[in-house]
Amino acid sequence: MSKYIILFRFTQKGLENIKESPARVEAAKKLFRDMNAKVEEFYGLMGRYDTMFIVEAPDDETVAKAAASVGSLGNVQTETLRAFTEEEFRNIIEALP
């Protein structure tokens, strides 16, 4: 399973309904579970992004579908980053020519 960081920014619609945000987080976690991915952690953020998930998923396609599904509801915009463990990072660097 691969790790991903998904960053969320509230849209105007999401801000107008900010009090529903905790319920939307739970719904998003369920959506990810239903797609065979796991939200390992959630954080509220200060700065450019409002919230984030740390997700474990079997492949890029799964997490892309899940993030697109959440974004399609109109409350957030997403940015997804593939995260590599320290061991994975070392292996990548060691494999360089």
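A residue is called buried here if its relative accessible area is under 20%, exposed if over 50%, and partly exposed in between, with a 1.4 Å probe and protein chains only as cover. The model on screen is predicted, so local features need pLDDT of at least 70 and side-chain atom pairs count only at pLDDT 80 or more, while totals for chains, interfaces and linings use all residues. Residues are numbered from 1 along each chain as its sequence is written, and side-chain values use heavy atoms, with hydrogens and water left out.

Start with Asn36, which lies in the loop between α2 and β2 (38–44); helices (H or I, at least four residues) and strands (E, at least two) are DSSP runs numbered from the N terminus. Asn36 counts as exposed because its relative accessibility is 51%. Asn36 is not a glycine, yet its phi is positive, at about 70°. Most residues other than glycine have a negative phi.

Next, select β2 and β3, which pair in the antiparallel sense over six bridges, where pairing requires that DSSP finds at least two bridges between two strands. Lys38 has Glu56 as its bridge partner in β3, and in the hairpin of these strands, with six residues between them, Gly47 takes a positive phi near 120°.

Now select Ile6, Phe32, Phe53, Val55 and Val63, the residues with the most contacts inside the largest nonpolar core, which has 17 residues. Such a core is a set of buried Ala, Val, Leu, Ile, Met, Phe, Trp, Tyr and Cys residues joined through side-chain atoms within 4.5 Å. Two or more residues each come from β1 (2–10), α2 (21–34), β3 (51–57) and α3 (60–71). Around Ile6, leaving aside residues up to four places away in sequence, the contacts (heavy atoms within 4.5 Å) include Phe32, Phe53, Val55, Val63 and Ala67.

Move on to Thr11, in the loop between β1 and α1. Is Thr11 buried or exposed? Thr11 is buried, because its relative accessible area is 17%, and beyond residues up to four places away in sequence it touches Gly74, Asn75, Val76 and Gln77. Gln12, by contrast, is found in helix α1 (residues 12–16) and is exposed at 52% relative accessibility.

Finish at Leu96, in the segment after α4 (86–94), which is exposed with a relative accessible area of 52%.
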